[in-house]
Amino acid sequence: MTVDTITSSKQAIELEDKYGAHNYHPLPVVLAKGEGVHVWDVEGKKYYDFLSAYSAVNQGHCHPKIVGAMNSQAETLTLTSRAFYNDMLGKYEKFASDYFKFDKLLPMNTGAEAVETAIKICRKWAYEKKGVKETDAQIIVCENNFHGRTTTIISFSNDEGARKNFGPYTPGFIKIPYDDTEALENALKQENVAGFLVEPIQGEAGVYTPADDFMKKAKQLCNDNNVLFIADEIQTGIARTGGLLAVCGNCSCENHCERQETYSRPDILILGKALSGGAYPVSAVLADDEIMNVIKPGQHGSTFGGNPVAAAVAMAALQVVQDENLIQNARTLGELFRSEMAKYIETSNIVSLVRGKGLLNAIVINDSEDSSTAWDMCMALKENGLLAKPTHGNIIRFAPPLVMTKEQLLDCVSIITETLKTFEK
Ligand SMILES: *Cc1c(COP(=O)(O)O)cnc(C)c1O
């Protein structure tokens with residue numbers, strides 16, 4: 001067997017097309033190198049990365065401290081399975097539990113696995129602590145959610161592409177509109193409700209930011225009804241939205257204080273993506289003892305979950321967030337980005353609005369949802385050295401690594417506005 005040497009983007013695309021399952025529709029750019037806020041294609045062209053692997057690369061590409069931690073752990077011990085202890089996992093569990101202020105952490109690998117884990121914990125808690133009759137637990141979810149791709153998770157998606165012909169679907173979910181406290185209040189009146197699973201900002205759906213007090217009210221309603229408030233912060237967490245978590249509300253302190261007014265503390269917190277800075281698949285579920293302790297030996301697990309490399313990488317990735325002030329940087333640059341974009345939008349016929357929080361933002365294109373305008377704009381942005389991707393139809397998400405400087409951000413704003421101008425009618 002020989003391994004092909006990739007000499008052109010065209011060749012790499014042809015190989016994926018011929019030998020890979022067609023489960024994605026990528027922008028036609030083939031990346032071969034990344035550093036900080038930049039990536040380079042096979043031909044050596046340099047781009048600003050405005051997707052950050054869906055907010056996994058918050059700390060920037062190939063961060064030396066994260067890669068360093070990964071390399072040194074990879075040379076020492078990579079995998080033991082949880083049949084034995086390893087000398088990294090406990091250290092990481094303590095570090096991350098202190099960091100996010102929960103009693104315990106359950107380590108997994110991908111986001112979807114962590115969501116599945118949260119669902120399992122929530123159901124078990126309902127049967128063993130709340131006294132719901134076994135098999136009857138219901139979890140409230142929101143319309144247009146994105147929580148991953150497993151069979152159970154797509155069962156409560158309303159994206160037809162993600163769902164169709166993958167049934168039969170897992171029961172036990174009640175769907176309500178997003179950002180609708182009244183609907184939540186009504187759903188909570190139903191019997192056997194165990195949890196409310198929610199994204200503090202709906203990223204995949206198009207960066208929908210709810211009313212300022214939605215999380216706070218949702219949390220209160222869950223509390224009042226003895227229902228677990230489960231925050232999926234896989235995309236919004238770890239500094240992306242200008243707080244350590246999006247549920248931190250208006251607080252941008254690093255230490256995830258529990259004193260401030262606006263914090264809506266989840267009963268179960270789900271993390272992934274930037275938990276590793278994009279270096280390695282690392283996800284986690286955090287909760288306090290009274291919830292986490294419903295899981296006993298043999299009842300849940302993963303061969304790779306909590307492996308020593310993941311532990312080393314996650315600790316380094318979280319340390320970088322603190323050392324480099326990424327929360328504050330995301331907050332400041334996010335405000336700058338939205339205000340600069342808003343100035344342009346005032347004069348624009350083709351872009352109708354910019355929205356978001358911190359450095360998780362999107363623009364909505366003034367064209368029909370099934371038009372190709374957003375895609376064409378992303379193609380033009382690519383030509384001009386900036387990579388972004390449409391989310392749903394006519395929405396483009398802008399989420400650069402959080403290690404960006406102000407000068408770089410302003411450079412990007414000018415690339416974006418100059419490119420969009422060519423689409424004005
Ligand atoms: C990406 C994402 C997931 C799924 O994570 P995977 O690692 O792709 O399985 C779940 N929830 C949210 C909010 C996400 O953004």
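Let's start with two side chains: Lys-94 and Asp-98 meet in a salt bridge, with 3.0 Å from N to O. The model you are looking at is a predicted one. A search of the whole structure turns up twelve salt bridges.

Now move along to a sheet. Strands of a sheet pair through backbone hydrogen bonds, in either a parallel or an antiparallel way. Here, four strands make an open sheet, ordered β11-β12-β15-β14, with antiparallel pairing. Its edges are β11 (351-357) and β14 (389-390), each of which pairs on one side only. Between β11 and the antiparallel strand β12 (residues 360-365) there are six bridges. If you look for a facing pair, Val-354 stands opposite Ile-363 in β12. Helix α12 (residues 326-346) packs on this sheet, where it touches β11, β12 and β15 (395-398). The direction of α12 makes about 170° with that of β11.

Strand β4 (residues 104-108) gives the largest share of the lining, with five residues. Sorted by class, the lining has seven nonpolar, seven polar and four charged residues.

Methods:
Residues numbered from 1 in each chain as written. Predicted model: local features only at pLDDT ≥ 70, side-chain atom pairs only at ≥ 80, totals over all residues. Heavy atoms only, no water. Pairing = 2+ DSSP bridges. Helix = DSSP H or I, 4+ residues; strand = E, 2+ residues; numbered from the N terminus. Contact = heavy atoms within 4.5 Å. Axes fitted to C-alpha atoms, helices over the stretch in contact; angles between N-to-C directions. Nonpolar A, V, L, I, M, F, W, Y, C, P; charged D, E, K, R; others polar. Salt bridge = Lys/Arg side-chain N within 4 Å of Asp/Glu carboxyl O.
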